[in-house]
Amino acid sequence: MPITPDQQAEIDDLRANPKPTLRAVADGMEAHLYKAYDVLDHGFIRVIDYMGDDAAICQAARVSYGKGTKSVQNDEGLIRYLMRHWHSTPFEMCEIKLHVKLPVFVARQWIRHRTANVNEYSARYSILDREFYIPEADKLAAQSVINNQGRGEALTGEEAARVLEYLKGDAARCYDHYEEMIGQEGQQGLARELARMNLPANIYTQWYWKVDLHNLFHFLRLRADAHAQYEIRVYAEEICKVVADWVPAAYGAFEDYRMGGATLSSKAIDCVRRMLKGEDVTQETSGMSKGEWREFMGVIG
């Protein structure tokens, strides 16, 4: 169960007692506040707090652009200009704080995005729950033969069943030993900060994660991408839904210029110009490496 009864009671209480405020609010985000959205088998995301909206981005931009900008561009046009020209600081005026429950191995990948504030559940003070991420059978795949950090063909039949049994059995066995080491209440067991080292990487942890919109967009561009690892991508995709309701103009520009756009090198742009003139450009005449050419052809089709 992703949400515990105590957490659900807290959410129900918070949503039943709204507080008046003079600060700007985003109606789309207000609908998401405190709600938990399930991810994977035991995980979730939920919004704890936020600051700013599309108008806050424009307000910050107009402070630096000077008087009169409002009459020249509407808010959506300004936001698209900022995104198009990589003006990042106005997007930093918006922040979001999320409560996330996720497997430890996903958390270790997630934490590489260092431009956020994080406070994680401590296994030094508390006992972790017996909850492990066990993939669905169709998510079990062999190592890719062309990508050292990716997946290849899905495992099937007896091989998939064997892997699932290993995952379930090893996780259960490790947790049994964890419980034995820390002992029962009133017993003098091994210190929790030591006992935790025997737990597998698919056990669930939780944290509060606060990040500004500029750095959140960077996270989403990488982790909501089709090439990202499935187990972190599903979290990013769920966050995307929330952000789209929070700052619809900014998210629309992000989808257009970052998720759906591409950055071309000067060599790639030169190749496009030559192709438009009717020249038959090949990898050998492009000045690009094989890897660059493959990625370039993937962009232009």
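Trainee: How do the residues lining the largest cavity divide by class?
Mentor: That lining has four nonpolar, two polar and three charged residues. Here Ala, Val, Leu, Ile, Met, Phe, Trp, Tyr, Cys and Pro count as nonpolar, Asp, Glu, Lys and Arg as charged, and the others, Gly among them, as polar. Keep in mind that this is a predicted model, where local features need pLDDT of at least 70, side-chain atom pairs count only at pLDDT 80 or more, and totals for chains, interfaces and linings use all residues. Residues are numbered from 1 along each chain as its sequence is written, and side-chain values use heavy atoms, leaving out hydrogens and water.

Trainee: Which residues line the largest cavity?
Mentor: Lys101, Tyr121, Ile127, Leu128, Asp129, Glu131, Tyr204, Thr205 and Gln206. A cavity is a set of points on a 1 Å grid over the protein atoms alone where a 1.4 Å probe fits but cannot get out, and lining residues have an atom within 4 Å of a point.

Trainee: And which strand gives the most to that lining?
Mentor: Strand E7 (residues 204–212), with three residues. Strands are DSSP runs of E, at least two residues, and helices are runs of H or I, at least four, numbered from the N terminus.

Trainee: New topic: which residues make the contact between H12 and H14?
Mentor: H12 passes H14 in a right-handed crossing. Ala268, Cys271, Val272 and Met275 of H12 meet Trp293, Phe296 and Ile300 of H14, contact being heavy atoms within 4.5 Å. By class, that contact has seven nonpolar, no polar and no charged residues. Right-handed means the near helix is turned clockwise from the far one by less than a right angle.

Conventions:
1 Å grid on protein atoms, 1.4 Å probe; cavity = no way out; pocket = protein on both sides within 12 Å on 5 of 7 lines; lining within 4 Å.
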